[in-house]
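Subject: Structure handover

Hello,

Here is the structure I promised to pass on. My notes follow below it.

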Amino acid sequence: MAALRALQPSVRALLCTWPGCPAPRSFASSAASEYIITAKKGKNSNVGLVQLNRPKALNALCDGLIMELNQALQAFEEDPAVGAIVLTGGEKAFAAGADIKEMQNLTFQGCYSNKFLSHWDLLSRVKKPVIAAVNGYALGGGCELAMMCDIIYAGEKAQFGQPEILIGTIPGAGGTQRLTRAVGKSLAMEMVLTGDRISAQDAKQAGLVSKIFPVETLVEEAIKCAEKIASNSKIVTAMAKESVNAAFEMTLTEGIKLEKKLFYSTFATRKVCRGRAWIFVSCFLTLRTPPDLEHD
């Protein structure tokens, strides 16, 4: 698991200022961004791209990198032009784990009192869909970061693993929970208890990865998928994401109730309003494509 040093008061203060963040910009040109590069991609510039950029350390997830990632995610979340986000790293590593130096002096008291790693959760709370484009190593916190995303695309040489056991600890940012839900108990147990890695092909077979692409086209394919998602109604897309994610938190009965409520809510949006609902119902029943309507 990737690890960070305990949160400092200044870090918590910065996190509290997210709502007032400036409009999204290319952090590559900003002196404040040391560990990431951001840009808008797609024909309509409606895809936010975040690239982890700490290549000498194989994108080890240090505290500064997580802080910059959170700022970028918040900026894209607030940008009305962006409908989906792609998170990627380099060809050698998506993120190979943590900067172990930041863990060396941690204590139980410090971790518990400062809620160590709690600020990693922002990625899992972003309402807009996030696609992880994983090349190379996604180990420890890198694997956990990818699993916080909604879709995982992998390069053909990608490797996934939770090797924390090898340094005397366990995953602490969702590894034991999300991995088990994705691949099942047996494989998750094997990976967590041995520290062994799995290939992109094995990850796809197990259900962790959606699709596999050549290394050089991976990010491009992820952007294409993000463009397709971003072309739909943003509010309905957020509802769909919420409903699918609820399947991991609720019983079947509770999940279906939530799905129904969200489904009914779509009829209050502009795309499925009273005067047009019959068009969608008619097209659905006849398997025809509905005419283009204004997106929310």
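Which residue forms a salt bridge with Asp150, and how far apart are the closest N and O atoms? The partner is Lys241, and the distance is 2.8 Å. Asp150 sits in the loop between helix H5 (141-148) and strand E7 (151-155), while Lys241 belongs to helix H10 (residues 234-246), so the pair ties together parts that are 91 residues apart in sequence. Asp150 is partly exposed, at 31% relative accessibility. Lys241 is buried, with a relative accessible area of 13%; the cut-off for buried is under 20%.

Please keep in mind that this is a predicted model.

A search of the whole structure finds four salt bridges. The Asp150 and Lys241 pair is described above. Two others involve Lys224: one with Glu220 and one with Glu221.

Take Glu220 to begin with. The closest N and O atoms of Lys224 and Glu220 are 3.7 Å apart. Both residues lie in helix H9 (residues 218-230). They are four residues apart, about one turn of the helix.

Now Glu221. Its salt bridge with Lys224 has an N to O distance of 3.8 Å. Shared partners join Glu220, Glu221 and Lys224 into one network.

How accessible are these three residues? Lys224 is partly exposed, with a relative accessible area of 41%. Glu220 is partly exposed too, at 44% relative accessibility. Glu221 is also partly exposed, with a relative accessible area of 22%.

Around Trp120

Is Trp120 buried or exposed? Trp120 counts as buried, at 2% relative accessibility. Its place is in the loop between helix H3 (108-113) and helix H4 (122-125).

Met67 is 53 residues from Trp120 in sequence, and their C-alpha atoms are 8.8 Å apart in space. Gly174 is 54 residues from Trp120 in sequence, with a C-alpha to C-alpha distance of 9.8 Å. Gly174 lies in the loop between E8 and H6. At 21% relative accessibility, Gly174 counts as partly exposed.

Leu166 is in the loop between strand E8 (159-161) and helix H6 (175-183). Gly174 has its place in the loop between E8 and H6 as well. Leu166 is exposed, with a relative accessible area of 60%.

Helices H6 and H7

H6 pairs with helix H7 (residues 185-194), and their axes come within 7 Å. The axes cross at roughly 140 degrees. That makes H6 oblique to H7, because only angles over 145 degrees count as roughly antiparallel. The crossing of H6 past H7 is right-handed.

Where to look

For a quick tour, begin with Asp150 and Lys241. Go on to the network of Glu220, Glu221 and Lys224. Then view buried Trp120.

Best wishes

Notes
Residues numbered from 1 in each chain as written. Predicted model: local features only at pLDDT ≥ 70, side-chain atom pairs only at ≥ 80, totals over all residues. Heavy atoms only, no water. Helix = DSSP H or I, 4+ residues; strand = E, 2+ residues; numbered from the N terminus. Buried < 20%, exposed > 50% of the residue type's maximum accessible area, 1.4 Å probe, protein only. Axes fitted to C-alpha atoms, helices over the stretch in contact; angles between N-to-C directions. Parallel < 35°, antiparallel > 145°, perpendicular 65-115°, else oblique. Left-handed = near helix turned anticlockwise from the far one by under 90°. Salt bridge = Lys/Arg side-chain N within 4 Å of Asp/Glu carboxyl O.
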